[in-house]
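Me: I have just started reading protein models, and I would like to look closely at one spot. Could you walk me through it and then show me what surrounds it?

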Amino acid sequence: MKNLKTLERLQQLHQLIAIENTGTPKELANLMQISERSVHLLIEQLKDYQAEIYYSRSRKTYFYSKDFDLRVSISCLLYTSDAADDLLC
């Protein structure tokens, strides 16, 4: 479940960066209910996906310097011994 939470946070962060409405790192951390360190780690993960992210001190927001899109899609399939109990997410 930790990986799922990370993907959700990456998607939330991406959406805020895309609209250039993150606020300061501290404000962003409070908004996402994570530590500032976690914000920086998530930004580094986006950069690992070739996102060019910068911070504007005058506008107090992170932004993409080049077009970047992140789409997270998650599905799960649980099989049990009884086909009636199968679960699709």
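Is T22 buried or exposed, and what is its relative accessible area?

Reply: T22 is buried, because its relative accessible area is 3%. Buried means under 20% relative accessible area, exposed means over 50%, and partly exposed is whatever falls in between, using a 1.4 Å probe and protein chains only.

A word on what you are looking at. This is a predicted model, in which local features need pLDDT of at least 70 and side-chain atom pairs count only at pLDDT 80 or more, while totals for chains, interfaces and linings use all residues. Residues are numbered from 1 along each chain as its sequence is written, and side-chain values use heavy atoms, leaving out hydrogens and water.

Now find the spot. T22 sits in the loop between helix 1 (2–18) and helix 2 (25–32). Helices (H or I, at least four residues) and strands (E, at least two) are DSSP runs, numbered from the N terminus. The protein chain has three helices and four strands, and from the N terminus their order is α-α-α-β-β-β-β. Of its 89 residues, 29% count as buried, and T22 is one of the buried residues.

Look at Y62 in particular: its backbone nitrogen lies 2.8 Å from a polar atom of the T22 side chain.

E20 counts as partly exposed, because its relative accessibility is 35%. Y62 turns up again here: the C-alpha atoms of E20 and Y62 are separated by 6.1 Å, although the two residues are 42 apart along the chain. Not counting residues up to four places away in sequence, E20 touches R59, T61, Y62 and F63. With R59, E20 also makes a side-chain polar contact of 2.4 Å. A polar contact is a pair of N or O atoms within 3.5 Å; within protein, one must be able to donate a hydrogen and the other to accept it, and residues adjacent in sequence count only if both atoms are side-chain atoms.

Next, step back into helix 1, where H14 lies. H14 is buried, with a relative accessible area of 5%. Its side chain joins that of Y64 in a polar contact of 2.8 Å. Leaving out neighbours within four places in sequence, H14 is in contact with L46, Y64, F68, D69 and L70.

Helix 1 packs against helix 3 (residues 36–48) at an angle of about 80°, with the axes 10 Å apart. Axes are lines fitted to C-alpha atoms, for helices over the stretch in contact, and angles run from 0 to 180 degrees between N-to-C directions. The two helices are therefore roughly perpendicular to each other: angles under 35 degrees count as roughly parallel, over 145 as roughly antiparallel, 65 to 115 as roughly perpendicular and the rest as oblique. Helix 1 brings T6, R9, L10, L13, H14 and I17 to this contact, and helix 3 brings V39, L42, I43, Q45 and L46. Sorted by class, these are seven nonpolar, three polar and one charged. Here Ala, Val, Leu, Ile, Met, Phe, Trp, Tyr, Cys and Pro count as nonpolar, Asp, Glu, Lys and Arg as charged, and the others, Gly among them, as polar.

P25, K26, L28, A29 and M32 of helix 2 meet E36, V39, H40 and L42 of helix 3. That contact has six nonpolar, one polar and two charged residues.

Q33 is exposed, with a relative accessible area of 70%, whereas T22 is buried at 3%.

Technical notes. Contact means heavy atoms within 4.5 Å.
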